[in-house]
Amino acid sequence: MNTWIAVFLGGGLGSVTRFGITRSLLAIGPKSAFPWATLFANVLATGILAWLILRMQPQLDGRDGLKAFLAVGFCGGFSTFSTFSHENFLLLREGQTAMAAANIAISVVLCLAVFYLIARNA
């Protein structure tokens, strides 16, 4: 499979998955100013990427299209730094500085912790 097409298809699937998770969390949970859906998507995407890179590398060797589909496409489309930035901007604009700082700290620490835990057990 052409690598460009693999990234395109994986990115679309990742974006649709993130959209579905966001809609599902909004439907089942109470309204909150804290961006739980983005945090969940970014931590999960980090876990998937870490698992692919650290655990599945031997199975993916020589399968560049599949690696591009999963790592660059799916994980890239599933995670979202732009939405993370926008949500923090909105929190800051609304005077919710502590919530924005908590979101930034929790997001960075959780994502690094997930990567570390998967790397440690690889």
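Phe34 has a relative accessible area of 9% and is therefore buried, a term applied under 20% relative accessible area, with exposed applied over 50% and partly exposed in between (1.4 Å probe, protein chains only). The model is predicted, so that local features need pLDDT of at least 70 and side-chain atom pairs count only at pLDDT 80 or more, whereas totals for chains, interfaces and linings use all residues. Residues are numbered from 1 along each chain as its sequence is written, and side-chain values use heavy atoms, with hydrogens and water left out.

Rings of Phe, Tyr and Trp (its six-membered ring) were paired if their centres lie within 6.5 Å, with planes under 30 degrees apart counted as stacked, over 60 as edge-to-face and the rest as tilted; by this rule there are 3 aromatic pairs. Among them, Phe34 and Trp36 have ring centres 4.4 Å apart and planes at 50 degrees, so this pair is tilted. The rings of Phe81 and Phe84, with centres 5.5 Å apart and planes at 45 degrees, likewise form a tilted pair. Phe81 and Phe84 both lie in helix H5 (residues 81–93), 3 residues apart, or about one turn of the helix, where helices are DSSP runs (H or I) of at least four residues, numbered from the N terminus. Phe81 is exposed at 63% relative accessibility, whereas Phe84 is buried at 10%.

Thr38, located in helix H2 (residues 36–54), is buried at 6% relative accessibility. Leaving aside residues up to four places away in sequence, Thr38 touches Thr80, Thr83, Phe84 and Glu87, contact being defined as heavy atoms within 4.5 Å.

Notes
Helices (H or I, at least four residues) and strands (E, at least two) are DSSP runs, numbered from the N terminus.
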